[in-house]
Amino acid sequence: MRFRTYKNTDLTVSEVGFGMWTISTGWWGNYTEGEALALMHKAFDLGITLFDAADTYGNGLSEEYIAKAFPKSRDEIVIATKVGYNFVTHGEARGRGQREIPQDFTPEAIGRATDAALKRLKTDRIDLLQLHNIRMEQVEDDALWKTLERLKQAGKIRYYGIALGPAIGWLYEGVNAIRAREITSVQHIYNLLEQHPGRAIHETAREAGRETMFLIRVPHSSGMLEGKYTAETVFPPGDHRAHRPRTWLLNGVKKIEQLRFLETPDRTLAQAALQWLLADDRTASTLPNIYGEEQLIEFARAPEAAPLTSEDMERIAELYIENFGIEEDPPKFKGTMELAETAAV
């Protein structure tokens, strides 16, 4: 494993992190507590130190798992979690697609949520607190950002940032948060197949001279870039991928065939997908969806696999510009994407 340190901080994270949502929400299959903790212990043994949770994942379950998995290793791991959804009143966000529950970003709610997370985590500080799927209203809310500063000064959190979503998009929220606020970290969707608006968000930080770095979620495009799906793949009814249109699967499989050149005896396609993201020095860590030990080992070894060449990177860029030779309807983004395009020019 290799590690990166957020700019102007002492926050060091493993280049591959462990996203807790796969083992605590039921969206990627159901895990017993024993199975979940075993995967977390294996990740730690492989050098993974970053564990990314959210208070709404399993109604607090993801945070409780971290406390149970590492009762004596607090100083050896980095805990990232998220607040902002009112799951106490409305329950975890579940159901078809990306249906959300109400959010509450008032200073009082954020304070309560942080205290509750600390209690579930059984720790005295959160290394990285993220505002979970904020909108422009929160970007512009001075009271919210003052609350985060107070929590930092009180020692309850070390650093703070934002998570963008739930679905891919949210360019305007990301661009304006980076420009208007001093944030350590932005978490967002970005991968070989879905490069917009992730690339534009990274470029904004660079152009604005900000030190913000990024946590990349869905780095394998919901498993597509692991290279194991076929046109006949069927997902279980409760799996979130089952709600995707069939064209996502069929076109995705065709795109993957165009990327097979990245596979070598010393590197899998899934490892290449992580390396492509880590080629950007703004990427602090990647958060692949982990749901099995064999796959976990593959991901954890990605930073030390055979590196991508400049020719590989150029070919990827060419394929993306050509949409991998596939004709399909343009993606439907959520968030304030039109305003974002104007602001980014």
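Student: What makes D115 and K156 a salt bridge?

Tutor: This is a predicted model, to begin with. In it, the closest N and O atoms of D115 and K156 are 2.8 Å apart. The cut-off is 4 Å between a side-chain nitrogen of Lys or Arg and a carboxyl oxygen of Asp or Glu, so the pair qualifies. Side chains of opposite charge can pair when their charged atoms come close.

Student: Where in the chain are D115 and K156?

Tutor: D115 is in helix α5 (residues 107-121), and K156 is in the loop between α7 (142-153) and β7. They are 41 residues apart, and the pair links distant parts of the chain.

Student: Why is D115 called partly exposed?

Tutor: Its relative accessible area is 38%. Buried means under 20% and exposed means over 50%, so a value in between is called partly exposed. K156, at 27%, counts as partly exposed too.

Student: How many salt bridges are there in the structure?

Tutor: The structure holds 18. One of them joins R74 and D127, with the closest N and O atoms 3.1 Å apart. R74 lies in the loop between α3 (61-69) and β5, D127 lies in strand β6, and 53 residues separate them. Both R74 and D127 are buried.

Student: Which salt bridge has D280 as a partner, and how do you know that it counts?

Tutor: D280 pairs with R206, and their closest N and O atoms are 3.3 Å apart. That is within 4 Å, so it counts. D280 is in the loop between α11 (269-278) and β10 (283-287), while R206 is in helix α9 (residues 198-207), 74 residues apart.

Student: What makes D10, R74, D127 and R158 one network?

Tutor: Salt bridges that share partners join these residues.

Student: Why do we say that the buried residues of α7 line one face?

Tutor: The buried residues are L144, W145, T147, L148 and L151. Seen down the helix axis, the buried residues fall within an arc of 150°, so they line one face of α7. K146 and Q153, on the other side, are exposed.

Student: What covers the buried residues of α7?

Tutor: The cover includes α5, β6, α6 (136-139) and β7.

Student: What is found at the start of α7, and what just after it?

Tutor: At the start, a side-chain oxygen of D141 reaches to within 3.1 Å of the backbone nitrogen of A143. Just after α7, G155 takes a positive phi of about 85°.

Student: Why is β6 described as largely enclosed?

Tutor: Seven of the seven residues of strand β6 (residues 126-132) are buried, so the strand is largely enclosed by the rest of the structure.

Student: What makes β5 and β6 a pair of strands?

Tutor: Four bridges join strand β5 (residues 78-83) to β6. A pair needs at least two bridges, so these strands pair, and they run parallel. A80 stands opposite L128 in β6. On the same test, β6 and β7 pair in the parallel sense, over six bridges, and Q130 stands opposite G161 in β7.

Student: How many bridges pair β4 with β5?

Tutor: Strand β4 (residues 50-52) pairs with β5 over three bridges, in the parallel sense. L50 stands opposite V78 in β5.

Student: Why are β3 and β10 said to stand at the edges?

Tutor: Take the order of the open sheet of eight strands: β3-β4-β5-β6-β7-β8-β9-β10, with parallel pairing. β3 (18-19) and β10 each have a single partner strand, so one side of each is left without a neighbour in the sheet.

Student: Why is A167 called buried?

Tutor: Its relative accessible area is 18%, which is under 20%, so A167 is buried. A167 is found in the loop between β7 (157-163) and α8 (171-180).

Terms used:
Residues numbered from 1 in each chain as written. Predicted model: local features only at pLDDT ≥ 70, side-chain atom pairs only at ≥ 80, totals over all residues. Heavy atoms only, no water. Buried < 20%, exposed > 50% of the residue type's maximum accessible area, 1.4 Å probe, protein only. Arc of directions from axis to C-beta. Contact = heavy atoms within 4.5 Å. Polar contact = N/O pair within 3.5 Å; in protein donor to acceptor, adjacent residues only side chain to side chain.
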